[in-house]
Every structure is written in structure tokens, then in C-alpha cells.
Amino acid sequence: MTAAPQDNLSALYPAHLAEIQQRSADALSACRRDTLAIAAGQPHLWFLDDEGYPFRANPHFLHWLPLAEAPGSWIVFTPGHKPKLVFLQPRDYWHVVPAAPSGYWTQHFDIVTIRTPDAARVHLPKDPARCAILGEANAAVGDFAPNNPEAALHLLHYRRALKTPYEVTLMRVASKLGVHGHRAAEKAFRAGLSEFDIHCRYLEATRLTEHELPYGNIIALDAHGAVLHYMHQDRNPPAHAHSFLIDAGGRFHGYASDITRTYASPDADEWQALIDAVDTSQQGFCAKVRTGQDYAQLHLHAHHVLMQMMHEQGFITCSAEAAVANGISSAFFPHGLGHLIGLQVHDVAGFARDESGATIPKPDGHPYPYLRCTRTLAPGMAVTIEPGLYFIDMLLAELKTKPAAKDVVWNKVDAFRKYGGIRIEDDVVCTSDSPLNLTREAFAAV
Ligand SMILES: [Mn+2]
């Protein structure tokens, strides 16, 4: 018998909260204020409409509490005092109102319940100028308006890359949710369903609505896999799909998983062989998610490994080094190796050098333009590792005009355009020891 996640969470939460309080105290010192106030936020309406966008809570708010659906609520923290939750539970028969707070975290807060957003004001500090107030402008309550001091945000964003064991547990759950969806989606592909129907099977298996997903699903059959952010969903299936690329995640208590898999139909042996080769390479990159690893270096390493593989499989005739130098690698692998992940799918501070807001710029030129992370890995950092190989008409047409075109075996490349592309993506936590691969762990368990 394994412990229920809720048991783990109640055991892990106090240390998480202590860490967040320490970071918050340091952020207040950095911006020379006394009290931190964090607005959960307010929903946004569409232009000239009384309907609006799905609500997404302020990630700073979710860092403290697993309350993804508490618009109008506030956290107030003065170092040395118990944190306070000002909880908006409107009297409203039009909507479902948020349930009264319950669970493992409530004992750690002084909780006051309010019935209207403006009622928060008397529970917030008198002098806004002495507060770091984090949130969007529309969360303002009278004179108490978000000021988002940069010095506080830089520190909090920099340290947010380091996940506490409590956060890793939430990300484990998000990974399992996503893998339930991926399993169902693979089955639906094998049954010959359309992109739209595969998407529906994904939602059904995760028990998440589209609004609860961490990002819009990418469900791409055949050549659609060559569109990096393919958000369309064909309602009708192709006569016979040979390839399926799915990039889809889960979300739990605000934390995201970001998972990509690529599948071949049983008669597409050459495609399966290439998927297997990318998968082997990808696991090698995951194994390098270790303390002290420079992420930009890992990205460059990935380009070399993938080009070596392309050479061995007969797509290119030049060396891997030459293919990286002359731009061939950027035509086939035109995005970054991955990014930080946590409360946001592309979590903040991927380029941060330190807590002060200094950055580590990307190296100039290819293969770096779309890299999202230049940090050096440390225990607790969670990153994605998502190498890809694509047959993108636009990039191949550009490549054909360059001197490097002579190093490409075009008839072989052309024969693979119909498969679209391969991406394999795992979420990996750097530890003081071996990397913790949340995605592979979830696939093994589900
Ligand atoms: Mn990703």
C-alpha cells in the first residue's frame, strides 16, 4: 500500500510553507517593504461582453496555496506572523461559489471569509506603500493596488526554479494525469480516430476540462506534426495515419506537466526506427539533468547527438559538427531543448543569472534562437527535455538555397515529409543524485 497523495501533502506542506515564507521575507528585504500581499486575481471579460476568459490564478498565489479557483482572494504575510488568507466566498446563486477552505494547509493560516471583493480592503494593511503587492491591475481594491516591486519579483522568480519536495509531489500527480491522457490518446490513434476524437479521449482520461489543461493540446496526425504549435483538430481522420505526435499535459493544484510522445503505425517501420533513435538520444539528455550542468551546453550537445544520428541514418552526408555549424541542425531541430516548468508550463526566470534580475543571454546565432533556458542546473530545478526532428517544408526550402544543401540526402528527406515530425518530451527534476524523471516514472506506473 502506498500512502495517498493527500497524506504526503500534509506531511510535506509545512516545510514548503517555511521555505516560501523565507523567500518572501528575503523578497521584502530586497524591495524594502514590510508586508507581502498577493492577489489571486480577477477574471477578465471579453471586449464589450459579459462573458470572459477562463480564470487563471496568479502563480505567486498558487505557490502558497492549492486554491486554483479562488478569484478575489488575498494572501497577506508579514515576516514573524502567521500568514493570513482573505477568502472571497460570494453570496451568489448564479455561479458555483468556492467551497470553504479545508484540507492540510488551513491550520497554517488565519482565514477570514469575505462576501464581496471590496470587503477585502479592511483585512489588508492600512498603508499600501509599505507593502509589496503582487498581482494584476484589475485585482486592486480601492487604494490597495498591485505595485509588483521588481526587486521582489526577481528574487521570487529566480528561486521559484527550485522546487520543494511538496511541489515535486504535486508535479508527480500532474504527470500521472497527463499520462492517463497519453495512454488513451495512443489507443485512439491506433483505432484510427480523428485528431478531434483523440483530443476528446484525452480529456476523458485525464478528467480535466480544456480550461484546466496547462496548455492547449497539440494532437497532430501525419504531416501536421511538422507544425510546431499545431492547435487545429481535424474532425475527420485520414484514410490511414502513419504518424501521431501528441504534446499534452496535466495540471494539479496549479502545477503543470508537459509531455510529448510520437507514435508510428505498425507498417511505418522507417518512422518507428527514427522515433526509437530520438527516444534513445532523449534519454541520454535526461541523464544529464545533473547539478552543475549548463542547460545551454546541453542544448548544443543535443544538436550534435541528433545530427550524428541523422548522419548514421543516411539523411546527411557531412559530420555532426559540420551540420551544427552550417545550419542543417537548426532546420531539422528548430526549437529549444526545453524550459523550466512548474506553476507555469514555461516557468519564469529561465535566463536569470541571480536574484537581482541579471540575465544569462543566449549565445548568438544558431542553434540558439529559440532556447528558453540558460541556467546552470541545481538540485530542485525542474526542466523539460524535448528534442525534436521535423520535416518542415518552409525550413527545408530555405535550407535548399544554402551551400549546406549539398550535404543533405534530399530524396531520403523528401520521403519522410509525410510523417511530419518527432518530439519526445519528459519533465525531469535535478536532484543531488540521479535525475528524477517524472514522466517516465508516470508511464511506468500508469
Ligand atoms: Mn515543453
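How many bridges join strand 7 to strand 10, and which way do the two strands run? I opened the predicted model with that question. Six bridges join strand 7 (residues 243-248) to strand 10, and the two run antiparallel.

**Entry: the sheet**

I246 has R261 of strand 10 as its bridge partner.

Next I checked the other side of strand 7. Four bridges join strand 6 to strand 7, again antiparallel. There, L221 has F244 of strand 7 as its bridge partner.

**Entry: side chains of strand 6**

I noted which way the residues point. I218 and A220 go one way from strand 6, and I219 and L221 go the other way. Are these four buried or exposed? All are buried. For background, side chains in a regular strand alternate between the two faces of the sheet.

**Entry: the two domains**

I moved on to the whole chain. The protein chain divides into domain 1 (5-160) and domain 2 (165-445). Their C-alpha centres lie 34 Å apart. I looked up the contact: domain 1 puts in 21 residues and domain 2 puts in 19 residues.

Which helices supply the side of domain 1 that touches domain 2? Helix 1 (5-31), helix 2 (59-64) and helix 3 (150-160) each give at least two residues to that side. I sorted the residues of that side of domain 1 by type: 13 are nonpolar, five polar and three charged.

**Entry: the core**

I looked for the largest nonpolar core. The core has 124 residues, and F61, W74, I75 and V383 touch the most other members. Helix 4 (residues 165-190) gives the most to this core, with 10 residues. Why does the core lie between domain 1 and domain 2? Both domains give residues to the core, so it lies between them.

I finished with W74. Setting aside neighbours within four places in sequence, W74 is in contact with A37, I38, A39, A40, V86, A120 and L124. As a general note, nonpolar side chains tend to be buried together in soluble globular proteins.

How values were computed. Residues numbered from 1 in each chain as written. Predicted model: local features only at pLDDT ≥ 70, side-chain atom pairs only at ≥ 80, totals over all residues. Domains from an automatic or database assignment. Contact = placed C-beta atoms within 7 Å. Nonpolar A, V, L, I, M, F, W, Y, C, P; charged D, E, K, R; others polar. Pairing = 2+ DSSP bridges. Buried ≥ 20, exposed ≤ 12 C-beta atoms within 10 Å, placed from the backbone. Core = buried A, V, L, I, M, F, W, Y, C linked by C-beta atoms within 7 Å.
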